[in-house]
Amino acid sequence: MKYIFAVVIVAMLSACNQSSTTTVEESVQQETLRELLDLPEHMAVPAIPDFNPLTREKIELGRFLFYDKRLSANQTQSCESCHDQQLAFSDGLEVPTGSTGHQLTRNSQGLANVVYHSTFTWSNDTFLELEDQLNVPIRADNPIELGVTDSELEEVLARFDADPVYVEMFANAFPESDTGATINKIIFSLASFVRTMISAGSAYDQYLLGDKTALTEQQKLGFQLFNGERFECFHCHTGANFSVSYRDSNTNSGNIQFPFFNNGLYNVDGEGSYPASDQGLYDLTLNEADKGLFRPQSLRNIELTAPYMHDGSIATLREVIEHYARGGRLIEYGENAGDGNLSPLKSGLILGFVASDEEIDAVIAFLESLTDYEFINNPKFSNPFEEQ
Ligand code: HEC
Ligand code: HEC
């Protein structure tokens, strides 16, 4: 009965989206996904790739791996080292240091609702599935995060094969394979766990679900300003995740927007360049116009994920909004000196605006309504080793 109900709902939803016809089998899958993810009704069913279906067993294994330092070559770091649940899975640093002391150039991203992004990391148009991206923290040798390079891989995998708890978890998660731990199984399980990290329990969500008292009058004003044509925030920070990098199971891949913008943070040469250490999408494409292109970060739990921007170079939300009000950041001294407001490469949506202190306070108050205390305290995402 439940499934018939789901079919009707999905059919209704997809009526507005001509591209998708949902078969009975697909709607059964969507219903199971809703249960698995504990999704509230206002959140869309996310897109999960066919090659890695979500199962409880993979999610469980992924959760252990996420918190296990044995996953770094020298056993000093786990994913948690840079992605702390109390900080909505960010780390409070401008930029982190990897397991071997290597300084990274980018700020650790919060991991709420990653499953709804259409691209991953601060600026990469080739990571279209989490499985692509997760190779980086585990395997990369420049910069080094967990440092499991080719020469270390066998030893790291042997650690899991030697632990009976993991032997059982790997066998349960991948029943069709009897080869023990492999890097693909690790990545598939971590991707599955990260996909379950859904944040939809903030005051703002209560408001969306119909509780008009969930936001204060100040927060409602901030919400209006955020969505208005003076502040312009919503053009780039929109939808369930406050980012145009978005997709769900109903998104037609042809409709996915190119989700990268230059928001005027730097202009070191008067021609719009960013510091050479990180020029965003340009570093991949070498196309001049791509200098400073980054993904609008999701604003979920933004109060907890300071400092801000791809390099953690803005400390507070007030300074972020002042940066937008100015229409780009002015850096007066030092090697990064330059006026972002004059950048020929900044987005046409970063025009600057006049705002009173009260209005800025209201937008900050609205952004704080996105803090989800259920999410940061949810035992499903917590360290399983501390439970035992
Ligand atoms: C040394 C710190 C560090 C460690 C350890 C680390 N990360 Fe990250 N993580 C980062 C940084 C920095 C970024 C942004 C990378 C970029 O933009 O290039 C990031 C980005 C991500 C993203 C992309 C999020 C998005 O919204 O696109 C995911 C997912 C992620 N990390 C998961 C993991 C997992 C799983 C692990 C463990 C296997 C891990 N990270 C280990 C620092 C770290
Ligand atoms: C033209 C698109 C665009 C507009 C308009 C825009 N943003 Fe952004 N936003 C971005 C991009 C791109 C980034 C990441 C830039 C970077 O890291 O270099 C970002 C980053 C942020 C961050 C930091 C996120 C983090 O996790 O560090 C906050 C907060 C933010 N924006 C809030 C706002 C607010 C509030 C407004 C309206 C006043 C706004 N944005 C308008 C594109 C935009």
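Predicted model: local features only at pLDDT ≥ 70, side-chain atom pairs only at ≥ 80, totals over all residues.
**Exercise 1. Find which side-chain atoms of Arg 106, His 83 and Glu 145 pair up with ligand 1, and how far apart the atoms are.**

Start with Arg 106: an N or O atom in its side chain sits 3.1 Å from an oxygen atom of ligand 1. That's a polar contact, meaning a pair of N or O atoms within 3.5 Å; within protein, one must be able to donate a hydrogen and the other to accept it, and residues adjacent in sequence count only if both atoms are side-chain atoms. Next, take His 83, where a polar side-chain atom lies 2.9 Å from a nitrogen atom of ligand 1.

Residues are numbered from 1 along each chain as its sequence is written, chains are lettered from A and ligands numbered from 1 in the order in which they are written, and side-chain values use heavy atoms, with hydrogens and water left out.

**Exercise 2. Work out which protein atom is the donor to the iron atom of ligand 1.**

Step one: donors are N, O and S atoms within 2.8 Å of the metal (3.2 Å for Na, K and Ca), and water is not among the atoms, so sites may look incomplete. Step two: the iron has a single donor from the protein, NE2 of His 83, 2.1 Å away.

**Exercise 3. Describe the polar contacts of ligand 2.**

Look at Met 309 first: a backbone N or O atom there is 2.7 Å from an oxygen atom of ligand 2. Then move to His 310, whose side chain has an N or O atom 2.6 Å from an oxygen atom of the ligand. Finish at Tyr 324, where a polar side-chain atom lies 2.6 Å from a nitrogen atom of ligand 2.

**Exercise 4. Is Ser 99 buried or exposed?**

Check the area: Ser 99 has a relative accessible area of 11%, so it's buried (under 20%; exposed is over 50%, partly exposed in between, using a 1.4 Å probe and protein chains only). Now look at its surroundings: the side chain of Ser 99 reaches the backbone oxygen of Glu 145 at 2.6 Å.
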